[in-house]
Amino acid sequence: MVRWTLSGFGDEIDADPAVQLPVLLALGARHVEVRSAWGTNVVDLADEDVARLADVLARHGVGVSAVASPIGKSGVGDDPAAEQARLERVVWVARRLSARYVRLFSFYRPDGVAAADVRDTVVRRMRAFADVAERESVVLVHENEKAIYGDTPERVLDLIESVGSPALRVAWDNANFVQVGVRPFTEGFAMLRPYIEYLQVKDARAADGIEVPAGYGDGELPETLTALRDSGFEGFASLEPHLSDPAFPDVLSGPRRFGEAARALRGLTDELGIELA
């Protein structure tokens with residue numbers, strides 16, 4: 001049986017890691033993807049809070065699959081030095097938490113500006129990020145967020161190949177592709193598979209872009225998971241469901257709906273002979 005490692009965005013469950021981690025453990029995940037803790041984004045956590053988080057993780061026996069940074073989720077024309085400094089900080093946090101992967105993005109462009117017009121700037125800035133990652137022995141995984149430069153498979157491929165660094169790889173997100181009008185597996189998987197190193201699990205409907213549990217939308221999750229299995233993928237599958245719950249308005253999913261997302265994914269992987277552990 002193929003085995004993948006289950007993780008998830010803890011802050012979709014609750015702001016407090018002491019609440020997040022027992023829920024993840026109950027769902028069979030021994031890793032967490034850290035985007036924020038106690039309501040503070042990972043890039044803004046003070047040293048003492050990073051130490052406090054490391055202690056909570058150790059006490060629960062939970063590892064960190066990735067640090068889900070906001071780096072590159074900013075304007076392409078914003079101050080490069082400031083964003084570079086933020087990356088350096090996030091990489092320090094990742095190393096403190098023993099995380100190999102750092103999630104990042106490839107910049108928003110101004111309204112009315114074509115992607116081709118910012119392409120060279122994006123590649124240059126991402127190359128500088130990759131230099132940091134190579135030096136610090138971490139791997140940056142680019143998420144195909146809506147409206148950034150790398151929001152379509154073709155531009156993600158261009159970015160990864162143009163930067164040309166083993167420290168820059170793909171965090172595949174089916175739902176985000178759906179939300180920009182792409183059929184993820186049909187139109188993007190084959191070209192990006194050589195660079196896919198991390199799976200972020202969420203699904204969405206093409207008609208309205210609303211996120212739904214894995215397999216309930218148009219994200220071609222069954223086809224994607226099957227192809228990943230057959231091509232030897234053995235990495236992290238990290239739940240980022242974005243399923244709102246009125247009972248938990250301050251987080252993206254809440255514990256009940258996060259559990260719903262985990263069960264939907266496990267239903268798919270069980271059918272495909274993939275063990276999540």
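**Close-up 1. Ala-147 sits in the loop between strand E7 (139-143) and helix H5 (153-163).** Welcome to the first stop in this predicted model. The phi angle of Ala-147 is near 75 degrees, a positive value in a residue other than glycine. That is worth a second look, since most residues other than glycine have a negative phi. With a relative accessible area of 43%, Ala-147 is partly exposed.

**Close-up 2. Phe-107 also has a positive phi, near 75 degrees, in a residue other than glycine.** Look for Phe-107 in the loop that runs between strand E6 (101-104) and helix H4 (115-136). Is Phe-107 buried or exposed? Its relative accessibility is 2%, so Phe-107 counts as buried, the cut-off for that class being under 20%.

**Close-up 3. Ser-69 is a buried loop residue, placed between strand E5 (63-68) and helix H3 (80-96).** The relative accessible area of Ser-69 is 0%. Which residues is Ser-69 in contact with, leaving aside its neighbours within four places in sequence? They are Val-42, Val-90, Val-102, Arg-103, Leu-104 and Phe-105.

**Close-up 4. The side chain of Ser-69 and the backbone of Arg-103 are shown together.** Here a polar atom of the Ser-69 side chain lies 2.5 Å from the backbone oxygen of Arg-103. Arg-103 is also one of the residues in contact with Ser-69, and Ser-69 itself is buried.

Key:
Residues numbered from 1 in each chain as written. Predicted model: local features only at pLDDT ≥ 70, side-chain atom pairs only at ≥ 80, totals over all residues. Heavy atoms only, no water. Helix = DSSP H or I, 4+ residues; strand = E, 2+ residues; numbered from the N terminus. Buried < 20%, exposed > 50% of the residue type's maximum accessible area, 1.4 Å probe, protein only. Polar contact = N/O pair within 3.5 Å; in protein donor to acceptor, adjacent residues only side chain to side chain. Contact = heavy atoms within 4.5 Å.
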